[in-house]
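Please keep the sequence and the 3D view at hand while working through the points.

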Amino acid sequence: MEKIISLCKRRGFIFQSSEIYGGVEALWDYGPLGSLLKNNIKEEWLKRFVQNRDDTVLIDGTILMHPDVWKASGHLKHFTDPLVECKNCHSRFRADHMADGRFVGEGKAKVKNQCPQCGSEDFTEAKQFNLMFKTFLGPVEDETHQTYLRPETAQSMFTNFKQVQESMRLKIPFGIAQMGRSFRNEITTGNFTFRTREFDIAEIEYFVKPGEDEKWFDVWVEGWEKFFLGLGLKKENLRRYEHKKESLAHYSKRTIDIEYKFPFGWSELAGIANRTDFDLSQHSKFSGKDLSYFDEESKKSYIPYVIEPTLGIERLLLALLVDGYEEVKGGRTTTTEAAKEMEVVLRLDKKITPIKVAILSLVRNKPELVKKAKEVYEILKPHFMCQYDELGSIGRRYRRQDEIGTPFAITIDFETLEKDDVNIRARDTMKQERVKIKDLVAILKEKLEG
Ligand code: GAP
């Protein structure tokens, strides 16, 4: 994990938020490469679950919602974690993270651990702590104006259920998808970007006929897993975890987590929940609006059940970095310079790499080569996310690109000036081939999309 954190900082993937002020716990900024990577992951999600399906539509709801939403959804009452306090130094911890096992209910924490701050073993009983961040709508800071930053994106898909269904003339089964910022005032943090206080959730609320929910749940577990495998995560690093009754969220009849084998152990990457008709029923009750669906075939109305595949984008990004990170001792190349060093290759799937093509002039002290390399850069830029690099030896520049996962590096050399062709080097195989500049865009497209 230390190596991943160091790579992320060194190469501009992820920085600690407000670092010049000493940083803030559990808040991370995505740098130039990290934000490109994140966008590419989001785009893949969008392509697979919205663009390639004819039964799912996208919405973009607000982070702040009517305060009653959180009463109806049960988050005000139930969106809590058990919190214990060290009686000696008053540090606070999540009871279920300190005790053995995945879940310890209120007041039942058997805290065997020592306080990591002061070593004391004397803790208070666990109390439930609500994870939602409070804020106020407008200039009056009283209880009637108080609302919360959303802890999940799901709720606006429920509150907009009727409008989306009617405006898009959707028939059940259908999905509403949303991706966006979510906030949780987590008690325990750590493990880099795994558990943060601000993150992007990508989730789908898939509305189905009651009675067909269990079938659709299984379909989504398979579909969700395939998405992660399709992005290149290794099968052996993924597994399913079925939640026991006592650890189910208040809205869920059944939940399966897709876990990833992170360096700190198997942990939740994503989930699939059967939310039943809980949310739509609650919002009908609290808003007084009918949120049932009229089935044209049976001429009957019902409140649909909901299957929810959910995912934290940053967790997936972290899993992809971990999965793709490879160290090659002694180097991959045979040059003496490289052989002395440990080389890092980030084997990210080419669909999501931040940079698709690197453009390298063989040397930088030959103006005609540099000019030609910049011309090639101009040709490729409108088609691919490119990086132009002329600093350091060619071997070192290949290694710099390998380390950030760039699938292809183009070298402009003396032969280019004579034959108008360039050298393409592939990250994974290190194989090199010559390609005419006029064919470069088409060939790279084929390689990147094929
Ligand atoms: N709407 C359902 C829901 O929000 P969740 O399991 O609480 O379910 C969804 O969260 C996903 O968000 C998780 O599977 C995880 O990937 C991610 N996630 C949850 N808490 C997180 C945190 N504090 N930091 C980063 N990602 C988080």
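**Helix α13 and the residue that follows**

In helix α13, which spans residues 394-404, the buried residues are R397, Y398, R399, Q401, D402, E403 and I404. Directly after α13 comes G405, whose phi angle is positive, at about 90°. The model described here is a predicted one.

**The chain as a whole**

- The protein chain contains 15 helices and 23 strands.
- Along the principal axes, the C-alpha atoms of the protein chain fill a box of roughly 75 × 65 × 50 Å.
- The protein chain has 450 residues, and 51% of them are buried.

- The volume of the second largest pocket is about 440 Å³.
- Its lining consists of 16 residues, and those nearest the centre of the pocket are E43, K47, K350, K351 and K356.
- Two helices, α2 (32-51) and α15 (440-449), each contribute at least two residues to this lining.
- With six residues, α2 gives the most to the lining of the second largest pocket.
- Sorted by class, the lining of this pocket comprises seven charged, five nonpolar and four polar residues.

- L318 belongs to helix α10, which covers residues 313-324.
- Is L318 buried or exposed? L318 counts as buried because its relative accessibility is 0%, and the cut-off for a buried residue is under 20% relative accessible area.
- Leaving aside residues up to four places away in sequence, L318 touches M1, I4, N191, F192, T193, F194 and F262.
- From L318 to G392 there are 74 residues in sequence, and their C-alpha atoms lie 29 Å apart in space.
- I63 is located in the loop between β3 (56-59) and α3 (67-72).
- I63 has a relative accessible area of 28%, so this residue is partly exposed; that class lies between the limits of 20% and 50%.
- Which residues does I63 touch, not counting residues up to four places away in sequence? The partners of I63 are Y148, L149, R150, R181 and F183.
- I63 and P151 are 88 residues apart along the chain, while a distance of 8.8 Å separates their C-alpha atoms.

**Aromatic rings**

- How many aromatic pairs does a search of the whole structure find? The search gives 21 aromatic pairs.
- One of these pairs is formed by F93 and F123, with an edge-to-face arrangement, 6.2 Å from centre to centre and 75° between the planes.
- This pair links distant parts of the chain, 30 residues apart: F93 sits in strand β5 (residues 92-94), whereas F123 sits in the loop between α5 (95-98) and β6 (127-130).
- Both F93 and F123 are buried.
- A cluster is also present, in which ring pairs link W45, F49, Y206, W216, W220, W224, F227 and F228.

Terms used: Residues numbered from 1 in each chain as written. Predicted model: local features only at pLDDT ≥ 70, side-chain atom pairs only at ≥ 80, totals over all residues. Heavy atoms only, no water. 1 Å grid on protein atoms, 1.4 Å probe; cavity = no way out; pocket = protein on both sides within 12 Å on 5 of 7 lines; lining within 4 Å. Points joined across faces, edges and corners; volume = space filled by probe spheres on them. Helix = DSSP H or I, 4+ residues; strand = E, 2+ residues; numbered from the N terminus. Nonpolar A, V, L, I, M, F, W, Y, C, P; charged D, E, K, R; others polar. Buried < 20%, exposed > 50% of the residue type's maximum accessible area, 1.4 Å probe, protein only. Contact = heavy atoms within 4.5 Å. Phe/Tyr/Trp six-rings, centres within 6.5 Å; stacked < 30°, edge-to-face > 60°.
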